[in-house]
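Please work through the exercises below with the sequence and the 3D view at hand. Each task sentence is followed by a solution that goes step by step.

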Amino acid sequence: MSENVRDLIFQMLDEPQALRVYINSPEEIYLEKQDSFELSTLKLNGSAELKALVQLLGREAGRVLSTDEPAVHFRLKDGKRVAAFRPPGSTSPLVFISKEK
């Protein structure tokens with residue numbers, strides 16, 4: 001399921017005005033455009049799916065988000081930049097994905 005979610009998020013970033021996706025919780029995903037923020041209709045199926053998404057993205061870049069490393073920043077092969085945080089670095093998993101400039 002996480003691969004499908006990843007693909008949907010990456011499709012959001014394919015919009016010409018899109019800059020970043022902010023995943024604040026499974027129910028709260030924002031798309032930042034050049035002049036606005038939009039709450040997405042995309043919802044994840046709970047925190048387990050959000051954690052699986054973070055792990056999937058991390059594996060693609062050879063990084064792992066864990067209690068030993070609660071904050072990671074990395075670049076994917078296609079140039080997208082990812083910042084991910086988990087407790088104790090944040091109160092819940094957070095993910096920010098920026099498209100290549």
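**Exercise 1: The sheet**

V21 stands opposite L31 in strand 2. The model is predicted, and local features need pLDDT of at least 70, side-chain atom pairs count only at pLDDT 80 or more, while totals for chains, interfaces and linings use all residues. Residues are numbered from 1 along each chain as its sequence is written, and side-chain values use heavy atoms, with hydrogens and water left out.

Task: Work out in which order the six strands form the sheet, and which strands stand at its edges.

Step 1. Begin with the terms: strands (E, at least two residues) and helices (H or I, at least four residues) are DSSP runs that are numbered from the N terminus, and two strands pair if DSSP finds at least two bridges between them.

Step 2. Strand 1 and strand 2 (residues 28-33) pair in the antiparallel sense over six bridges, and they form a hairpin with two residues between them.

Step 3. Strand 2 is joined to strand 3 by four bridges, again in an antiparallel run, and a hairpin of two residues leads from strand 2 to strand 3. Within this pairing, K33 stands opposite S36 in strand 3.

Step 4. The complete order of the open sheet is 3-2-1-6-5-4, with antiparallel pairing. Strand 3 and strand 4 (71-75) stand at the edges with a single partner strand each, so one side of each is left without a neighbour in the sheet.

**Exercise 2: The aromatic rings**

Task: Find out how many aromatic pairs a search of the whole structure gives, and describe the two pairs that contain Y22.

Step 1. A pair of aromatic rings is described by the distance of the centres and the angle of the planes. Rings of Phe, Tyr and Trp (its six-membered ring) pair if their centres lie within 6.5 Å, and planes under 30 degrees apart count as stacked, over 60 as edge-to-face and the rest as tilted.

Step 2. The search of the whole structure finds three aromatic pairs. One of them is formed by Y22 and F37, which are tilted, with 5.7 Å centre to centre and 45° between the planes. Because Y22 lies in strand 1 (residues 18-25) and F37 in strand 3 (residues 36-39), this pair ties together parts that are 15 residues apart in sequence.

Step 3. The rings of Y22 and F96 have their centres 5.2 Å apart and their planes at 70°, so this pair is edge-to-face. Since Y22 lies in strand 1 and F96 in strand 6 (residues 94-98), the pair ties together parts that are 74 residues apart in sequence.

Step 4. Ring pairs link Y22, F37, F85 and F96 into a cluster.

**Exercise 3: Buried or exposed?**

Task: Decide whether F37, F96 and F85 count as buried, partly exposed or exposed.

Step 1. Buried means under 20% relative accessible area, exposed means over 50%, and partly exposed lies in between (1.4 Å probe, protein chains only).

Step 2. F37 has 53% relative accessibility and therefore counts as exposed, F96 has 24% and counts as partly exposed, and F85 has 18% and counts as buried.

Step 3. F85 is found in strand 5, and, when residues up to four places away in sequence are not counted, the residues that F85 touches (heavy atoms within 4.5 Å) include L65, P70, H73 and F96.
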